[in-house]
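Thanks, everyone. Let me put the model up, and then we'll walk through it.

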Amino acid sequence: MAPKIVERFRLHTEPGSFASASGGLPSNKDLDPVPFESDERTWTWPSLLGFWVAEAFSISMYQVASSSITKGLSPGLAITAVLVGHLLVCIPAMLNGYIGCIYGINFPVLMRSAFGVYGAYFAVFVRGVVACIWFGTQSFQGGQCIQTMLQAIWPSFKDFPNHIPASAHVTSAQMLCFFLFIIIQLPLLWLHVSKLRFLFMAKTIVMPIFGMTLFIWALVAARGFGPTFSKGTNIKDGTPVAVVFFQCVTTTISPKATLALNMPDFTRYAKYPRQVFWTQAVGLCVLVTLCGILGVTVTSACQEVYGVTTWNPLQVSLLWENRAAQFFSALCWAFAVIGTNISANSVSFSNDLSLWFPTWINTRRGAYVCCIISIAATPWNIQYSAASFSAFLGGYGMFLGPIAGIMMADFWVLRKRHLNLASLYRHPDIYSFFHGFNLRAFVAFVCGIAPNLAGLARATGNLSVPKTATYVYSLSWLIGTIVSFSIYILVGKIWPMEDKFEEGQAMDGTDGSSLGVSDEEGKGMGESKVKAF
């Protein structure tokens, strides 16, 4: 018998859930569906829009746009690249988010329908690794905010002795502030996903005010839009402008590529299905793009005013030479990083880890595991320069694109917008496929990443690969998504999948008419179909 202390930490399958039936897979409360009548269904359109505001105003989003300027694009082309990237990634975000709302399931459970009950472990592993690395990267950015605040309070902190070699791309002061920021985040990781809307609402109030202030400063300091946006495109390494443009499109997509997959982690707590659609479009294409415009504007203004090209907003704060302004701007950016890190990265990783270890890991425990493992990602190397940051974003985007394509093809095309909810929690059943693996998905995934492998090799330093390979790689996420989407449908038509619908278990809430009904009608329809909860 296991010691009592061990039993206290063991998670059990909820009585009466799908997983508690015969043949049920190990599960816990955080993996079970959230029914429409649940008290946890608290997210309405302000919460959903607040989520995207929380995502929009972050250092990473600022850097995505400003790094386009450092590559030589004109401000106008850089903003266009940001908008195009958000329009593209908005499609899977809307479609996958809708599934989460209708069925009340998160991303790991949804992956069982496409990759199989065991193949889903691979899909969530790919996304989980990205979320963990991104958590470390965001935390390092937060540490830079702490460093800026400490230097503003005590200027002598600039002389903090460094005992780390330059080749490590990090100083002792940066390492200290990185761990201080990790410690600051620890209490907030305890928040459950359904309660994060309060954090989003706070960030919705603070960050737009700060962003508008920064935007006005940039225009006033540079004497209007004219000088700020008058600069033309100047690619110094000879790369075609179109290639650099699409590289910036992919750089824009990549930070949101994870969210395009894991929107069900959040929308499962939404009350009304139709609100999920339009809030994704407005939030991602408008609000997030506005932060990108902020990054382009401020970076261009710094070139005009100070003659300095910097892609880091904290370096902009240091240029002001005003300690109060430096402190409060860094404080706002630190708050932005915390909101983004907790809402996106820790939630994603904890849900993924919960699928792997449902007996021991729930979303709260998984968030702390993510925090610990993220330190090993050495995020200071990713943040070292705009080039390394862009290479990192493009590299992981090529692996997430194929998964997004497979998800859309599986639910919206091959399964004709129907899932058997109970079967997602049972093995053997229809989602067991071949010993728990859907080989169609793996074929589509391999085909999706294949066109980008040569470009990835070149981007990671293999100069023997022709430079033209990077031209295809500049559209790594989009190519991976389209290829995997097409291949999965083709293989699915040639080799059809088994399907079944059981009354009261297959939640038929997504027929053609469901998109045209009101939110209240949609909610009522969902409740009538999920009596098995």
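Start with a helix pair: H4 and H10 cross in a right-handed sense. Helices are DSSP runs of H or I with at least four residues, strands are runs of E with at least two, and both are numbered from the N terminus.

Before going on, the ground rules. This is a predicted model, where local features need pLDDT of at least 70 and side-chain atom pairs count only at pLDDT 80 or more, while totals for chains, interfaces and linings use all residues. Residues are numbered from 1 along each chain as its sequence is written, and side-chain values use heavy atoms, with hydrogens and water left out.

Back to the pair. H4 covers residues 75–103 and H10 covers 241–262. They pack at about 35°, with axes 8 Å apart. The axes are lines fitted to C-alpha atoms over the stretch in contact, and angles run from 0 to 180 degrees between N-to-C directions. Who meets whom? On H4, the residues include Leu77, Val84, Leu88 and Pro92. On H10, they include Phe245, Val249, Ile253 and Lys256. Contact means heavy atoms within 4.5 Å. This contact divides into 16 nonpolar residues, five polar and one charged. Nonpolar covers Ala, Val, Leu, Ile, Met, Phe, Trp, Tyr, Cys and Pro; charged is Asp, Glu, Lys and Arg; the others, Gly among them, are polar.

Now the whole chain. It has 22 helices and zero strands. Of its 533 residues, 58% are buried. Buried is under 20% relative accessible area, exposed is over 50%, and partly exposed is in between, with a 1.4 Å probe and protein chains only. Take the contacts with a separation of 6 or more: 84% come from residues 24 or more positions apart.

Next, the core. The largest nonpolar core has 147 residues. Such a core is a set of buried Ala, Val, Leu, Ile, Met, Phe, Trp, Tyr and Cys residues, joined through side-chain atoms within 4.5 Å. Ile105, Met111, Trp333, Ile403 and Tyr488 have the most contacts inside it. Beyond its neighbours within four places in sequence, Ile105 contacts residues including Pro33, Leu110, Arg268 and Leu421.

Arg127 is buried, at 0% relative accessibility. Leaving aside neighbours within four places, its contacts include Asp265, Asp352 and Ser348. Ser348 sits in H14 and is also at 0%, so buried. Besides Arg127, Ser348 touches Ala131, Thr258, Asn262 and Asp265, not counting residues up to four places away.

Then H18, residues 439–449. Its buried residues are Arg440, Ala441, Ala444, Phe445, Gly448 and Ile449.

Last, backbone geometry. Most residues other than glycine have a negative phi, and most peptide bonds are trans. Where is the cis bond? Between His427 and Pro428, with omega about 5°. Pro428 is in the loop between H17 and H18. Glu321 has a positive phi of about 55°. Glu321 lies in the loop between H13 and H14, and is exposed at 72%. Thr378 also has a positive phi, near 45°. Thr378 is in the loop between H15 and H16, partly exposed at 30%.

Methods:
A crossing is left-handed if the near helix is turned anticlockwise from the far one by less than a right angle, and right-handed if clockwise.
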